[in-house]
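Please look through the structure below before reading the notes.

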Amino acid sequence: MATSSSSAVGKLSREEFRRQKDLDAARKAGTAPAALDEEGKAINPHIPQYISQAPWYLDSGMPTLSHQRKPKAGESSTTGIDSWYDRGKTAGPAATKYRKGACENCGAMTHKKQDCLERPRKKGAKYTNKDIAADEVVQDLQMGYDAKRDRWNGYDPTEHKK
């Protein structure tokens, strides 16, 4: 029975569990050396297990406290909370005639007719070749949890005075 339960990932047999518990007790008593993380730093044996264990989606397979540390400045995969889209910025001058694959309503290449924010024209830019809108700048901001939900992100207080 014990071998079938130890075959599952993360499960320890009775002997392995007992050995691990004795090692933890020895580390807390100071008779065994502290565990080292991947950077070579000693892990304090008195840190609770719920703090020292990384979540399943960050688990590197070895003991570490890197999931508890603040990432370095250039290491974060998300942009800062202060960054926001450049609103109304265009990518160069507007085209002079309709281009295949552009929005049928305004003529911009960055979106389709169903995504167009201009009011629907009686005759679209596809058929008239007039008033073709410039292509908007499409930015891909990797915002974190807080930045996505920040109601005041992108607010410019100088716009209020105008």
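1. Arg121 counts as partly exposed, at 22% relative accessibility; buried means under 20% relative accessible area, exposed over 50%, and partly exposed in between (1.4 Å probe, protein chains only). The side chain of Arg121 meets that of Glu118 in a salt bridge, 3.3 Å from N to O. Here a salt bridge is a side-chain nitrogen of Lys or Arg within 4 Å of a carboxyl oxygen of Asp or Glu. Glu118 is partly exposed, with a relative accessible area of 36%.

2. This is a predicted model, in which local features need pLDDT of at least 70 and side-chain atom pairs count only at pLDDT 80 or more, while totals for chains, interfaces and linings use all residues. Residues are numbered from 1 along each chain as its sequence is written, and side-chain values use heavy atoms, with hydrogens and water left out.

3. A search of the whole structure finds four salt bridges. One of them joins Arg99 and Asp135, with the closest N and O atoms 3.0 Å apart. This pair links distant parts of the chain, 36 residues apart: Arg99 is in the loop between helix H3 (49-52) and helix H4 (125-128), and Asp135 is in the loop between H4 and helix H5 (145-149). Helices (H or I, at least four residues) are DSSP runs, numbered from the N terminus. Asp135 is buried at 15% relative accessible area, whereas Arg99 is partly exposed at 28%.

4. Glu104 forms a salt bridge with Lys126, and their closest N and O atoms are 3.8 Å apart. Glu104 lies in the loop between H3 and H4 and Lys126 in helix H4, so the pair ties together parts 22 residues apart in sequence. Glu104 is partly exposed at 29% relative accessibility, and Lys126 is partly exposed with a relative accessible area of 34%.

How values were computed. Helices (H or I, at least four residues) and strands (E, at least two) are DSSP runs, numbered from the N terminus.
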